[in-house]
Every structure is written in C-alpha cells, then in structure tokens.
Amino acid sequence: MSTTNDTGADIVDGILDAAASVYRFFEGRGLQTLAVFTIVSAIIPLTNPSGFEMTVITELFLFGVLALSWDLIGGQTGYPSFGNMAFFGIGAYTTAILVKSFGIAFPLAFVVAAALAVAFAAFIGIIVLRLRGGYFAIATLGVLLASQQITRNLDVTGGASGIILLQTPTAQEFYYLFLAILVLEAIVVMYLAQTRFGLVLNAIRDDEGKATAMGYNTTYYKTAAWMLAALFTGVAGGAWSLFNTFVDPITAYNTAWNVEIIAMALLGGSGTVVGPILGAFGLHGLIRMVIDTYFTGWQLVVLGAVVITTVIAMPKGIVGTIEEHASAMEYYKHGGQAAADSSDADVADPGDGTVDDSGGDSP
Amino acid sequence: MAPDSNRRQFLKWTGASTIGITGLAGCAGNDGGGGGGGGGSDTTTTSSDTGDDSDSDSDSGGSGTQTITLGGSMSLSGENADLGKLYKDAYELTIQKINDAGGVEAGDGNTYELEMILRDDETDASKSKGIYQELIDREGVDYLLGPYSSTVTLPASAVAAQNKKPMVEGGGASPEIFAQGNEWIFGLLPTANKYALSAVDMAMAQDPAPKKAALLAEDDTFSQSTANGVRSKIESTSGLSLAVDETFPTSTSDLSTNLGKVRDNDADILILAAHQKHAIIMAKQLESQQVNVDMAMATVGSLNDSFKDEAGANGDYVYGPSSWAINADFEDAVFGSTSKFAEEMQAKYDYQPDYHSAAGATVIQTFVNAFEQVDELTPTKVRDAIRDIQFNSAYGEIQFDSKGIINKNMLLYQWQPEPGKQIVWPENVQQSAPIYPMPAWSER
Amino acid sequence: MAIEQYVVNGLLVGALFAAVAVGFALIWGVVDIINLAHGEMVMLGGFVSYWSVDLLTGTNSASLLLALATVPIAVAVIYVVGYAMQRTLVSRVTDEDMFLTLLVTFGLSIMLQQLAIRAWSADPRTVNVMFETTSLNVAGLVIPKMKLIAFVGAIVLTAALWAFLKLTRRGRAIRAVAQNPEAAQLVGIDVEHTRATTFGLSAAIAGGAGAFITMILNVQAQMGLIYTLKSFVIVVFGGIGSVPGALIGGLLLGAIEETTAGVWSSKWTLAVSFTILILLLVVKPSGLFGPAVEGDE
C-alpha cells in the first residue's frame with residue numbers, strides 16, 4: 001500500500017482507517033442511528049440553549065433537508081439540478097401569501113405549498129427531464145432564474161419587496177418542525193434506497209440507456225424522484241418563510257443556496273443518505289461558527305476556496321472517500337492483492353457505497 | 001500507487017490553498033478588514049479602554065464603571081462595504097468621544113461606558129436574523145443598531161420586535177419597515193417615497209414648469225418604493241403628467257431603449273429611481289441617445305464624488321437628494337456642531353462625511369439621549385424614551401413620528417460646473433439657484 | 001418609437017454578448033467545461049482597460065485611439081489569466097463529473113468577485129471616450145458612435161477567433177483535441193497545453209469584450225454573472241462549440257431583449273430570456289448550428 005511515504009500521508013491514512021472503522025460500525029444500523037439522532041436532537045431544546053444556538057441548529061436541519069432532496073435527483077439519479085431552489089421559492093411564497101393575505105392556518109398552508117411545488121415539478125419535469133447532464137443543469141438554472149424574475153415583477157408576490165410576516169410560531173416549534181421534516185425525509189430516502197426504486201434510480205445514474213433497455217420506465221422513476229425532491233424542498237421553503245418572517249425573490253429563489261446545497265451533497269458524499277446531511281451540517285456549521293466569526297469580511301472568499309479545495313481534493317466527498325477506503329481495506333484484508341485505485345464500484349463488495357443503507361451521523 | 005498520489009495531492013492542495021489564502025489576505029484589501037487566517041478583527045468591539053468585555057447590564061445603583069453594549073450588524077464586506085464602513089467609522093468615533101468625555105450619565109444615576117459589537121451581514125438578508133438573535137442571546141445585547149439596506153433591515157427589525165429590544169437604524173429607508181406595526185424600530189432616514197419629492201417641487205416652481213415627467217425605476221425594493229412616491233406625487237400635482245413609466249432589472253446595464261422612450265415622448269423632467277451604477281450610465285447615455293430634458297435626477301448615487309469622477313462632464317447639472325448637508329449648522333452634544341463633526345471625521349478617517357456618516361453618529365446619540373432620560377435602564381423604558389425624544393445633532397433635528405420614522409425632508413443638490421455640488425432646494429437653505437433647464441447637449 | 005430603433009439597439013449590444021458567448025461556447029465544446037467564472041473574465045478585461053487609461057492619462061477619459069489601444073492589452077492580460085486558471089485549477093477536475101467543474105468554477109467566480117471588490121471597491125467605473133458628437137443619426141435612428149465601434153470591434157474579435165481556429169496550426173490542434181483527445185495525443189499534440197490555450201483564448205475574447213463594455217456602459221466587480229447567464233442562452237441557441245452560432249445567437253438575443261423592452265416593458269426582458277433558454281433546450285438542444293465540434297453533452 002505505501003512504499004516510500006512521508007508521515008503526513010501516514011497520518012491521513014490513519015485518520016481514514018479510523019473513519020472507516022466508524023463507518024463499518026454504523027453500516028447496516030441505519031434506523032437505529034437515526035433513532036438515536038432524533039432522540040438526542042429532540043432533547044437539546046430542553047437543555048435551554050440560547051436562541052442563537054437554536055437558530056443555527058434549525059438551519060442545519062433545513063440545509064440537511066435541502067441537500068438530501070437535491071441528492072435524490074442529483075446524486076442518486078444522476079441529474080444535477082441547478083434549479084431545486086425554485087421549489088423552495090414556490091413553497092415559501094405560497095405559504096407566505098396564504099398565511100398573510102388569506103389568513104390560512106400554517107399546517108394547511110404547508111400542504112397547499114407542497115402540493116403546488118410538486119405540481120410545478122411535474123409540469124417542469126415533462127420539459128426538463130428529457131435532457132441530460134450539462135443541458136439539464138442549465139435548463140433547471142433557467143427555470144430558477146425565470147421564476148425569480150417573474151416573482152419579482154408580480155404584485156401578488158409583493159414584487160421586489162417580498163412579503164413580511166410578523167406573527168409566527170415560536171423558535172422551539174420551528175426547531176421541531178424542521179427536525180421532523182429532516183427525519184421523515186431521511187427515513188423515506190433510506191427506505192427507498194433499499195428497494196428497487198432506489199436501485200433503478202442508481203441504474204439510471206450509472207447508465208440510463210441500459211436501464212431503459214432492461215425494460216424500466218425511466219421517465220416514471222425520474223419524475224417520481226424529481227417530484228419527491230420537490231415535495232420536501234417545497235415544504236422546507238414553506239416552513240422557512242415563516243421562520244424567516246420575510247420572503248423576497250432573491251432569498252427565496254436563492255441561486256447561491258442552490259450551489260451551496262450541491263456543494264454540501266458533494267462534499268458530504270452524494271449518492272448516500274448520510275453524505276448530504278453530513279455535508280450540510282459540516283459546511284453550514286463551518287460557515288456559521290467559524291467563517292462568520294473569524295473571517296469577517298472574507299466569508300465569501302473563504303467559502304469559494306473551501307469549495308474549490310474540497311472538490312479537487314475529495315471528489316467523492318467525505319463519506320464517499322471513507323466508503324471507498326473502507327471497501328478497499330475489506331478487500332485487502334481478505335488477502336487479495338493491494339487494492340488498486342477503486343474509482344467506482346468495488347469488486348469484492350456488491351452492496352457497497354453507491355446505494356447506501358446506513359444512516360450514521362452525529363448531530 | 002494511485003491512492004498515495006491522491007493523498008499527496010490532498011496534502012499539497014490543502015497546504016497550497018492555506019498559503020495562497022493567507023498571502024491573498026496579506027496583499028489584497030486596503031481597508032482595515034484584514035482578518036484572513038484567523039484572529040485579526042473578528043467582530044469589531046469598541047470601547048475606549050481594552051479589557052473586560054462585559055455585556056450589557058441594567059443594574060441600577062452602585063458606582064464603578066459599568067458598560068452598556070450596543071450591538072448590530074453592518075455591510076462590512078461585499079458590494080456595500082464602502083457604505084458600511086461609513087457607518088462603522090461614525091459609530092466608532094462617536095462612541096470614542098463619548099467615552100473619552102466620561103461616558104454616559106444615565107438617568108438612573110450611574111455612569112456607563114459604551115461598548116459596541118458590530119458583525120458583518122454581507123448585506124445578506126438571510127444572515128441578519130441569525131446575527132441579531134445571536135447578539136441578543138449570546139452577547140446579551142439589549143440595544144440594537146440597525147443594518148444598512150432595507151432588505152436587511154426588514155428581518156432585523158422583526159427580531160427586535162419579537163425580543164422586545166429597541167433598534168435605531170440609519171440605513172433602511174423603505175416604508176415597509178415601518179408599515180408592519182412594529183413598535184421597536186426607529187429610522188433616521190426619510191423613507192424612500194420621499195426621496196424624489198423635493199425635485200418635483202423644485203421643478204414645478206420654475207418657469208416654465210414641466211408638463212411631462214418620465215420615471216425609470218430599477219426593480220429592487222428600495223427603488224420601487226421611491227418610484228411609488230414619485231407616482232403619487234405626480235398624480236397629486238396638477239399640470240404634470242407621467243408620460244413614461246418603466247421598470248428595468250437591476251442587472252440590466254443598457255438604458256438606451258428606455259431613454260429613447262423618454263426622448264420620443266418629449267418628457268420635460270426625468271427621474272431615475274436606481275443606484276449609482278445606473279446613474280452613471282444615465283449620464284452617459286442621455287448624451288449618446290440625444291435626450292434633452294430640463295431636469296435629470298437620480299434618487300441615489302448621483303451625489304458622491306465617485307459618480308462625478310466617473311461621469312465627468314456628463315454629470316454636470318444632474319440632481320440628487322440628500323437628507324443632510326455638510327454645511328448645515330446644527331448644534332451637536334458630542335461634536336459641538338455639524339462643521340466640527342465634519343472636521344473630526346476628516347481628521348480621523350481622511351474623508352468628508354456624508355449623510356450615512358451623520359446618520360450613523362446620530363444612531364448612537366439617539367440611544368445616549370434616551371439613556372439620559374430614563375430612570376431605569378430597561379429596553380422598554382429606553383424605547384419609550386426614544387419615542388418622545390427631541391434633540392439636535394450634527395445630522396439635524398431629531399424627532400420620530402408615531403411609526404418610528406424621523407420627521408425630515410430631503411434637500412436637493414445639483415452638480416453645477418463652477419462651484420460643484422450645491423444645495424438648490426428648498427429655497428430657504430439653497431446655496432445657489434438651480435440651473436434649470438439643463439442646457440441641451442449640442443450646447444455643451 | 002419605431003421598432004427598427006429597438007432592433008438596432010439590440011444588435012449593437014448583442015454583438016458584445018456574442019463575443020462573450022463565443023468564448024463560452026468554445027470552452028464548452030473543446031474542453032467540455034461549463035465555466036461559471038466566464039463573466040468574471042469580462043469584468044477583469046474591463047478593469048484592465050479602465051486602469052490602463054487611468055495609468056496613461058490619470059483620468060478616465062481617453063481619445064478613441066487610446067481607448068481602442070486598451071483592447072489588445074485586455075485581450076493579452078486576460079489570456080494569461082485564463083490559461084493559468086485552466087492549467088492550475090480547472091484541469092484537475094476536467095475528467096470528473098460535469099457538476100464538479102461547475103462547482104469549481106463557481107468557487108472561482110465568487111473568489112474573483114470578492115477579490116475585485118477588495119482591490120477596487122464596489123464602485124462602478126467607466127471609460128469616457130471623447131467625441132465631438134457622440135452619436136449619429138442614420139435614417140431617423142439614433143446610433144451612438146462608441147456603440148457602433150464596439151459593435152465592429154466585437155465582430156472583429158469573433159472573426160479573429162474563428163479564423164484562428166480554422167486557419168492556424170494551433171487552431172487545428174484545438175479542434176483535434178475537441179474531437180478526440182487520445183488520438184490527438186498520439187499524433188503528438190500537447191493536450192494539456194492545447195486545452196489551456198483554448199481556455200486562454202476564450203477568456204481573452206471575453207476580456208476584450210469587457211474592455212468595450214467599459215467604454216459604452218461601465219465595469220463593476222459583480223457585473224459578471226449576467227454575462228455568464230446570457231452566454232448560456234446564446235450558446236444553447238447557437239450550438240456548443242460553434243462560433244458562427246454564438247454570433248448569430250448573440251445578435252438575436254440582443255434584438256429580442258431590446259424589442260421586448262421597447263414594445264412590452266423592460267422589466268420582462270430577463271424573464272423572457274430565461275424562458276427562451278428553457279424552450280430552446282427542449283426544442284433544439286443541439287442548437288441552430290448543431291454541435292460543431294463535439295457530440296452532445
């Protein structure tokens with residue numbers, strides 16, 4: 001494995017080994033880990049943290065949902081969308097308008113917002129899901145930008161000023177709301193990943209032509225994944241609009257966030273359940289706790305650098321890299337030859353990294 | 001083997017990036033924001049002596065220096081960093097002078113030193129909520145300094161209301177901020193819808209008065225508010241009609257088509273509700289599109305030196321509003337007078353202050369004044385004191401209406417070829433008469 | 001106002017969009033990268049022009065000759081920037097997934113914008129080119145002189161690029177690498193260098209366009225994004241890798257935008273452009289001129 005190596009590389013190796021052991025411990029124990037996570041997260045508000053801490057953790061949950069939703073269509077199905085935030089914006093505005101102008105109660109407003117987001121996804125999906133790769137990315141970007149522009153020009157959405165809501169639920173209610181959405185989505189994705197649905201999605205990502213040739217109705221699966229992503233993103237948007245007490249076109253149809261959630265999914269490890277969540281927690285946590293405080297004035301530069309560095313150094317993301325390392329070591333331990341560079345699916349382990357059924361993460 | 005080279009690459013890259021960024025942090029950046037690589041100015045905490053970073057207190061009784069902490073966020077990076085700096089500088093100078101003079105003698109019998117925590121919100125509305133929440137919860141701040149830009153001020157003011165802490169701001173002029181029934185927000189800028197009114201008044205007082213007006217507005221919230229103010233004003237002004245009313249996206253640079261409409265409709269006056277970038281383009285394209293109007297004004301961005309430097313001779317005769325005049329003559333408890341304020345700012349920061357700076361200084365003074373009035377330092381009592389407050393500062397006469405908006409009108413300036421920027425309206429404070437109509441391009 | 005005026009307005013500025021988009025099309029076609037930092041090349045080129053004028057005259061006014069002289073300077077400087085960018089950073093992810101390159105170039109775009117703000121402040125700058133009269137009246141249409149010159153300049157830049165690709169050795173090498181990198185390597189072409197050259201050229205043309213934009217409009221640290229976005233629309237219309245396609249696409253986009261502004265309202269111009277983008281992708285993703293260099297994707 002190593003010939004003439006500096007201690008630096010050995011240290012990295014050591015870290016990866018440790019991480020791989022942790023990973024193997026959690027593998028296959030997805031639901032239990034999720035349960036523990038949920039319980040711990042549910043308890044935190046009872047320990048009386050500050051409003052700031054509550055806000056940040058709530059935001060972590062929010063980005064977890066967004067990143068995971070993106071990954072459903074991007075990482076699992078292989079359709080990198082640059083327009084997921086369009087669903088977010090629709091959810092946000094629908095909720096805000098219903099609550100403010102029509103006095104509708106929050107839960108009902110959420111349901112309507114989600115329904116609209118899903119309907120929009122179905123409609124747009126007919127158009128854009130025909131495209132592949134870069135074209136798809138640009139088309140979705142176009143959808144996001146067009147939505148933003150149109151919203152900016154209409155009066156019912158408050159134009160460029162947006163909509164302001166002052167009467168909203170408490171911080172604690174939001175905390176649990178976002179936690180609930182995240183846990184729910186995690187369960188759904190975890191479940192799907194193990195069923196044929198998830199496998200077909202991955203097959204579409206790996207080779208759509210072959211999947212079609214094998215007789216799968218790829219359009220159905222793609223659209224379903226797309227609508228599912230829209231559902232959770234739309235609900236998150238609705239919840240967020242109340243949480244933020246304020247929606248305007250730029251923050252609701254946020255192109256920067258769209259790129260951030262992609263970064264989160266990738267950095268964490270796309271194609272897995274835990275990867276995007278971990279990436280979301282990690283990157284957003286990093287931004288809020290470290291970059292905002294210590295690099296005041298340089299946030300965006302540092303963010304850009306972080307994105308560049310991580311993408312170049314760890315193209316598979318953290319979880320992906322660990323998975324790779326773990327699988328490689330397994331193979332090696334079985335007495336095979338030194339594991340060659342495993343660029344994708346590993347030879348020895350059939351149920352490996354691409355369809356992840358572990359859900360281990362730490363709050 | 002490949003895994004090894006990946007690891008080496010990884011190390012190489014992390015190392016290179018860290019060095020690269022530290023290097024960039026070193027050479028780039030001219031103002032004092034440099035904090036790359038950890039440490040440095042994380043948040044800006046100001047107190048005249050270093051030492052204890054105690055949070056705010058509301059204890060009455062007892063001697064010894066106690067501190068009151070004012071907290072807020074400001075656009076310290078990104079595209080509004082230049083303006084954010086004006087506020088930050090004004091805050092710091094005002095606090096420093098107050099502390100040097102012995103601090104605040106509050107109405108509860110104690111003397112307090114002022115301390116400030118100022119965070120960077122990058123003019124990002126999604127950040128402001130979290131920042132203010134953190135200041136209130138983590139830092140224990142009871143008295144909030146508002147941010148710059150209406151889009152950021154809106155969510156920030158909501159946080160103030162929810163937590164029942166008074167917020168005074170000198171950077172958000174959108175009327176929406178004050179239309180929410182929020183009882184904890186006070187603004188020192190006249191609201192956006194007032195920005196263009198004095199220009200219309202001035203024009204109507206001229207002979208011959210204009211008959212047709214043209215309005216070109218950017219599609220951001222502030223400009224749209226200003227435009228709405230213009231529309232109502234023109235509607236209520238007899239003899240004046242709105243011949244052209246167009247909105248354009250922020251990212252559009254080229255105004256030719258819209259200016260062509262202004263020309264073809266024979267508009268007499270043109271009001272541009274946008275920002276500096278478009279003001280410069282308007283100045284250039286009025287000429288290249290052969291548009292001759294009697295008056296051209298921009299609601300923001302046409303009065304700073306940077307505008308005139310870039311627009312050159314095309315910037316002559318252009319009008320712009322300001323809520324403050326540097327040569328006004330107001331008494332000020334901290335600086336003495338407006339002119340002394342300007343002197344001290346020039347001396348310490350090497351630039352002439354504008355209304356942002358004056359408003360910033362007054363934000364601090366509003367709180368201080370309120371502290372002096374109350375018999376107990378609680379957020380609610382301070383808020384009540386601000387409601388009834390009445391005092392003078394370098395910025396002008398300070399008094400708030402029932403919505404929390406300051407009672408102030410805009411002055412109208414014009415760039416005149418010889419003397420430069422002159423106050424031309426209202427007449428009782430004008431420095432020169434307005435040069436109206438604007439000379440045609442063929443004669444310039 | 002007659003509709004011809006709108007169309008003319010659109011064509012004049014559309015040529016500049018085209019010049020910017022041409023480079024974008026090239027990178028996409030040859031190096032298979034969607035460069036989200038492309039708009040920043042325009043911005044940097046604009047600043048080069050501005051600071052050159054400032055260096056030589058101490059003001060922001062220039063005679064026509066001086067102003068035009070800054071264009072090749074911008075082209076040269078931005079070429080180096082583009083080459084370096086590709087060689088040092090982007091090449092690392094060229095072989096990975098498309099969206100990794102999108103992320104890297106996005107990160108670059110953020111950094112460039114922020115560094116520009118740090119270095120030169122967010123104030124918009126412009127170069128004022130001196131003319132006796134600034135515009136012409138032709139057949140009842142108002143045509144600003146500088147815009148006309150910029151129009152010609154943009155076409156010249158585009159034509160120069162096209163000629164380079166068709167006629168020179170390096171140009172043929174670029175096309176070879178685009179069609180089949182392995183075969184090109186076998187024939188002795190330095191693929192990495194060729195890719196970097198392509199990137200450099202693409203950035204250089206954008207930089208040249210940026211110089212012109214500074215003269216007729218202005219330059220500002222965050223102006224780049226809208227040019228990147230418009231390049232998308234244009235390239236999708238004209239076809240990835242196709243220079244003539246991008247040219248026509250740019251002119252057409254400009255004309256459509258200004259006509260929309262004139263006849264309907266300027267507040268809908270962007271919504272219209274992005275909707276066109278989506279429709280084009282659906283109807284004819286390979287563009288008007290088809291994939292001139294590579295297969296789809």
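Predicted model: local features only at pLDDT ≥ 70, side-chain atom pairs only at ≥ 80, totals over all residues.

Setting aside neighbours within four places in sequence, Trp240(A) is in contact with several aromatic residues, including Phe88(A), Phe178(A), Phe246(A) and Trp257(A). Leu62(A), Ala92(A), Val247(A), Thr251(A) and Ala252(A) are in contact with Trp240(A) as well.

Now move to the place where chain C meets chain B. This contact takes 48 residues from chain C and 43 residues from chain B. Between them the two chains bury about 3,500 Å², with 46% of that on carbon and sulfur atoms. How many salt bridges are counted between chain C and chain B? The count is one: Lys147(C) pairs with Asp254(B), and their closest N and O atoms are 2.7 Å apart. Across the same interface, 21 residue pairs are in polar contact. On the chain C side, the elements giving two or more residues include the helices α1 (3-31), α4 (98-120) and α8 (191-216), and also the strands β3 (135-138) and β4 (141-144). Of the elements on this side, α4(C) gives the most, with six residues. Sorted by class, the side of chain C that touches chain B has 22 nonpolar, 19 polar and seven charged residues.

Finally, follow the backbone of chain B. Most residues other than glycine have a negative phi, and most peptide bonds are trans. A few places in chain B are worth a look with that in mind. Asp207(B) and Pro208(B) are joined by a cis peptide bond, with omega about 5°, and Pro208(B) lies in the loop between α5 (197-204) and β8 (212-218). Another cis peptide bond joins Trp425(B) to Pro426(B), with omega about 0°; Pro426(B) sits in the segment after β18 (420-425).

Positive phi values turn up too. Gln290(B), in the loop between α8 (276-288) and β11 (295-298), has a phi near 55°. Tyr317(B), in the loop between α9 (305-311) and β12 (319-322), has a phi of about 75°. Are these residues buried or partly exposed? Gln290(B) counts as partly exposed because its relative accessibility is 26%, whereas Tyr317(B), at 13%, counts as buried.

Technical notes. Residues numbered from 1 in each chain as written. Chains lettered and ligands numbered in written order. Heavy atoms only, no water. Contact = heavy atoms within 4.5 Å. Buried area = accessible area lost by both parts, 1.4 Å probe. Salt bridge = Lys/Arg side-chain N within 4 Å of Asp/Glu carboxyl O. Polar contact = N/O pair within 3.5 Å; in protein donor to acceptor, adjacent residues only side chain to side chain. Helix = DSSP H or I, 4+ residues; strand = E, 2+ residues; numbered from the N terminus. Nonpolar A, V, L, I, M, F, W, Y, C, P; charged D, E, K, R; others polar. Buried < 20%, exposed > 50% of the residue type's maximum accessible area, 1.4 Å probe, protein only.
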